Amino acid sequence: MPARPMDNDCIFCKIISGVIDSACVYEDDDVYAFLDINPLARGHTLLVPKGHYPTLLDFPPEDGRALTGAMRRTADALMRETGCGGFNCISNNFGAAGQVVFHSHWHIIPRFDGDGLMIARPGKYKDNEEMRQLAKSIRKHSA
Ligand code: AMP
Ligand code: ZN
């Protein structure tokens, strides 16, 4: 098995290796999860693959099963402990999306009815035709 990539200057690599302290909520061979120091909600957790992959586009698809398994487990634990009614799983990728730490990670954010946290949806399509044409163009890149 190839060695897992890591970066000595990366804050999340330092957290995973224990050089920097963190409030761990879950750990297995592939994934480390800890409380976000600046939470959007009580229990806001960061789920981090142990390998240093800067963005989701660098993340090996074959590691996805371990990641989603850990995500389920952690989200379930958050629901039980915080009593939240739901949760958002969000990954910011690249600066335009607000990524600050370039070690791929997922935010798991507990949600409560009426908590006021909102994702704005200012985008609009002119009509169905515009939507179908855009989907067709995207498919050319994803094929
Ligand atoms: P992102 O904008 O997706 O790159 O998110 C980075 C997240 O890491 C932010 O929500 C920060 O609050 C969080 N963060 C940065 N340093 C630490 C740390 N030492 N312990 C816990 N969370 C951290
Ligand atoms: Zn890293």
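This is a predicted model: local features need pLDDT of at least 70, side-chain atom pairs count only at pLDDT 80 or more; totals for chains, interfaces and linings use all residues.
Me: Which protein atoms are the donors of the zinc ion (ligand 2)?
Reply: The donors lie 2.0 to 2.3 Å from the zinc ion. Their residues follow the spacing C-x2-C-x38-H-x50-H in sequence. The donor atoms are Cys-10 SG, Cys-13 SG, His-52 ND1 and His-103 ND1.

Me: How many residues apart are Cys-13 and His-103, which link distant parts of the chain?
Reply: Cys-13 sits in helix 1 (residues 11–17). His-103 sits in the loop between strand 4 (86–90) and strand 5 (106–111). The separation is 90 residues.

Me: What is the geometry of the zinc ion (ligand 2) site?
Reply: Four donor atoms surround the zinc ion, with angles of 106 to 117 degrees among them. Four donors count as tetrahedral if all angles lie between 85 and 135 degrees. The site is therefore tetrahedral.

Me: Which strands stand at the edges of the sheet?
Reply: The sheet is open, with five strands in the order 1-2-3-5-4 and antiparallel pairing. Each edge strand has a single partner, so one side of each is left without a neighbour in the sheet. The edges are strand 1 (24–27) and strand 4.

Me: Which residue in strand 5 is the bridge partner of Ile-90?
Reply: Strand 4 and strand 5 run antiparallel, joined by five bridges. In strand 5, the partner of Ile-90 is His-107.

Me: What angle does helix 2 make with strand 5?
Reply: Helix 2 (residues 64–82) packs on the sheet. It touches strand 1, strand 2 (31–35), strand 3 (45–49), strand 4 and strand 5. Its direction and that of strand 5 make an angle of about 25 degrees.

Me: What is the phi of Phe-94?
Reply: Most residues other than glycine have a negative phi. Phe-94 lies in the loop between strand 4 and strand 5, and is partly exposed at 42% relative accessibility. Although Phe-94 is not a glycine, its phi is positive, at about 75 degrees.

Me: Which residues is Phe-102 in contact with, leaving aside neighbours within four places in sequence?
Reply: Phe-102 lies in the loop between strand 4 and strand 5. Phe-102 is partly exposed, at 37% relative accessibility. Its contacts are His-52, Pro-54, Thr-55, Phe-94 and Gly-95.

Note on methods:
Residues are numbered from 1 along each chain as its sequence is written. Chains are lettered from A and ligands numbered from 1 in the order in which they are written. Side-chain values use heavy atoms; hydrogens and water are left out. Donors are N, O and S atoms within 2.8 Å of the metal (3.2 Å for Na, K and Ca); water is not among the atoms, so sites may look incomplete. Four donors count as tetrahedral if all angles lie between 85 and 135 degrees; four count as square planar and six as octahedral if opposite donors are over 155 degrees apart and all others between 65 and 115; anything else is irregular. Helices (H or I, at least four residues) and strands (E, at least two) are DSSP runs, numbered from the N terminus. Two strands pair if DSSP finds at least two bridges between them. Contact means heavy atoms within 4.5 Å. Axes are lines fitted to C-alpha atoms, for helices over the stretch in contact, and angles run from 0 to 180 degrees between N-to-C directions. Buried means under 20% relative accessible area, exposed over 50%, partly exposed in between (1.4 Å probe, protein chains only).
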